[in-house]
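This report covers selected local features of one protein model. Please keep the sequence and the 3D view at hand while reading.

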Amino acid sequence: MQVRIEQPEISGDTVIFRWEQSEPNRFQIENSFFLRYENLDLAAFSPELLYEVFLSYQLRVFAAYGHPVTIQFPSPVPAYTVAFWSAYHNAGDVTITPVADRGGYDPWAGSPALMEQPRSKAVFFGGGKDSTLAICLLSEIYGPDEVLVVQFVGPIRNDPKLGRYLEERQEQLMLAPVREKLGVATQRVFTNYQAIFRRDAEHVRPHLELYTAGSLPAL
């Protein structure tokens with residue numbers, strides 16, 4: 001199967017990934033998805049960082065076809081990125097082109113776009129006891145000014161009403177209370193990636209990389 005990745009489309013804090021493939025998509029209802037990083041200007045980041053996010057999500061899906069797949073990107077992908085995600089997703093049948101001669105890359109498109117108050121600790125916050133305890137411990141040790149709480153708004157159905165409901169519920173029930181009572185900062189990431197999967201494609205949905213690698217621009 002041949003897959004052609006389009007140049008990531010950036011609009012302010014949102015990136016849209018699109019691709020074409022020579023076979024019908026067996027696992028997803030469309031060949032595109034978005035990520036929105038609240039209040040971040042994605043133009044500050046290099047395409048290589050966005051390729052990292054794309055491969056962390058989508059390479060698992062391409063590998064599940066069970067036969068050779070060639071993915072063509074619009075510009076070279078760092079060699080370390082290709083090696084890591086190919087191993088992580090056990091994607092031995094997938095070939096990625098073109099691959100850059102160098103392994104690493106600079107995540108910035110130009111000069112680093114630093115926040116006014118950068119924070120050195122981050123917690124992926126689900127609103128439960130474990131992540132709340134982690135926030136309290138880090139705040140006690142390092143101070144609340146050093147802690148960033150990261151949360152995803154990612155509905156599993158392509159329903160705008162569900163997306164708005166989750167956004168309001170998570171803000172009112174989880175994020176606003178930790179800001180007000182613990183004094184930490186919060187960062188939201190919005191995506192429809194979970195919602196584009198077909199019902200019989202549970203085995204290719206992302207795991208923790210949905211949150212960890214998906215948060216790279218925010219981190």
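## Basis

The model is predicted, so local features need pLDDT of at least 70 and side-chain atom pairs count only at pLDDT 80 or more, whereas totals for chains, interfaces and linings use all residues. Residues are numbered from 1 along each chain as its sequence is written, and side-chain values use heavy atoms, with hydrogens and water left out.

Helices (H or I, at least four residues) and strands (E, at least two) are DSSP runs, numbered from the N terminus. Buried means under 20% relative accessible area, exposed over 50%, and partly exposed in between, with a 1.4 Å probe and protein chains only. Contact means heavy atoms within 4.5 Å.

## Helix α3

Helix α3 takes in residues 129-142, and its 14 residues should span 20 Å at 1.5 Å a residue. The expected span is 1.5 Å times one less than the number of residues. The end C-alpha atoms of α3 are 20 Å apart, in agreement with that value.

S131, I135 and S139 are the buried residues of α3. They lie on the same side of α3 because they cover an arc of only 75° around the axis; the arc is that of the directions from the helix axis to the C-beta atoms. Their cover includes β7 (121-124), β8 (147-153) and α4 (160-182). On the face turned away from the buried side are the exposed residues K129, D130, E140 and I141. Just after α3, G143 has a positive phi of about 100°.

## Second largest pocket

The second largest pocket holds about 240 Å³ of space. Of its 14 lining residues, the closest to the centre are F125, Q151, F152, Q170 and Y211. β8 and α4 each supply at least two residues of the lining.

A pocket is an open set of points on a 1 Å grid over the protein atoms alone, where a 1.4 Å probe fits, with protein on both sides within 12 Å along at least five of seven lines; lining residues have an atom within 4 Å of a point. The volume is the space filled by probe spheres set on the points, which are joined across faces, edges and corners.

F45 sits in the loop between β4 (32-37) and α1 (47-63) and counts as buried at 10% relative accessibility. Its C-alpha atom is separated by 4.4 Å from that of W108, 63 residues apart along the chain. Leaving aside neighbours within four places in sequence, F45 contacts P107, W108, A109 and P217.

Q194, in the segment after β9 (185-191), is buried with a relative accessible area of 12%.
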